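Let's take a walk through a protein model together.

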Amino acid sequence: MKGRVHSIQTLGTLDGPGVRFVVFLQGCRLRCGYCHNPDTWDLEGGEEREAEELFSTVLRYRNYFGNEGGVTVSGGEALLQPEFVAEFFALCRENGIHTALDTSGSRLDKAVDRLLGVTDLCLLDIKMTTDGEYRDYVGCGLDGPLGFLKRLDERGIDAWIRQVIVEGLNDTAENIGRLNSLIAPYRCVKKVELLPFRKLCSEKYDELGIKFRFGGYPETAEATVERLGKLVRLPGCGESGAGNR
């Protein structure tokens, strides 16, 4: 089966445990205000790759990620190509390679559920903590990712929750309190990653002739992320499980 691939990072260290072979798929229907990859939005862009051919490339790098790392599929939005990712992940599973899905969780249907059957870990974005903010800054409702998180919990798939912290928007204790409440029912949540907002993507927006909606916000200080990270509480343990990069 063919899928549309935007790019590949062969030795990633920021997208799951250990060293990762990261596949960035093409296509996304959301329009997050801080999106770093507007060049992945076009559903018809990228390069067509066969799942088996892509997996053969993974095997060439297997010695680098060994037993501690694995393969991560990101985007764009990976859930727009669930059949392709499922075939690719099945090949990884058959060969004992850890699989991680990096997603917004904005789609859940039979094809996505089949994909979850060959997924070891999900890196799930909970981009905002109110439905109004989600609809304004992301382009979907909060019910989508929360429904996806519930399904991960039902299937017993470990989840790492991610949120980008933007100073002047969601850099408050109240926001983290709401995030704690949202994830509290789900024992599958093993980690929360708070990520500082960065503007390295500004040139991409300029080249594409697209307005960078969050271009007026300052980059987030590491101290802000560290301060908020201390307020994160993982479900069931009452202790902080936040990380940042």
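This is a predicted model: local features need pLDDT of at least 70, side-chain atom pairs count only at pLDDT 80 or more; totals for chains, interfaces and linings use all residues.

Residues are numbered from 1 along each chain as its sequence is written, and side-chain values use heavy atoms, with hydrogens and water left out.

Let's begin with the cysteines. A disulfide is a covalent bond between the sulfur atoms of two cysteines. Here it is called by distance: two cysteine sulfur atoms within 2.5 Å. How many disulfides does that rule give? The count is zero. Take Cys92, which is in no disulfide: its nearest cysteine sulfur belongs to Cys122, 16 Å away. Cys92 is also buried, at a relative accessible area of 0%. (Buried means under 20% relative accessible area, exposed over 50%, and partly exposed in between, using a 1.4 Å probe and protein chains only.) Cys201 is in no disulfide either, with the sulfur of Cys35 as its nearest, 7.3 Å away. Cys201 is buried too, at 3%.

Now for the rings. Rings of Phe, Tyr and Trp (its six-membered ring) pair if their centres lie within 6.5 Å; planes under 30 degrees apart are stacked, over 60 edge-to-face, and the rest tilted. The structure has ten such aromatic pairs. One of them joins Tyr137 and Phe214 edge-to-face, 5.6 Å centre to centre with 75° between the planes. Tyr137 belongs to helix α5 (residues 131–137), while Phe214 sits in the loop between α8 (202–208) and α9 (222–229), so the pair links parts of the chain 77 residues apart. (Helices, H or I with at least four residues, and strands, E with at least two, are DSSP runs numbered from the N terminus.) Both Tyr137 and Phe214 are buried.Phe197 and Phe212 make a tilted pair, because their centres are 6.2 Å apart and their planes meet at 45°. These two are buried as well. Tyr137, Phe214, Phe197 and Phe212 are among the members of one aromatic cluster, which also includes Trp41.

Next, look at Trp160: the charged end of Lys191 sits over its ring, 4.3 Å from the centre. (That label needs NZ of Lys or CZ of Arg within 6 Å of the ring centre and within 35 degrees of the ring normal.)

Finally, find Thr40 in the loop between β2 (20–25) and β3 (47–50). Thr40 is buried, with a relative accessible area of 2%. Beyond its neighbours within four places in sequence, Thr40 is in contact (heavy atoms within 4.5 Å) with residues including His6, Leu25 and Gly76.
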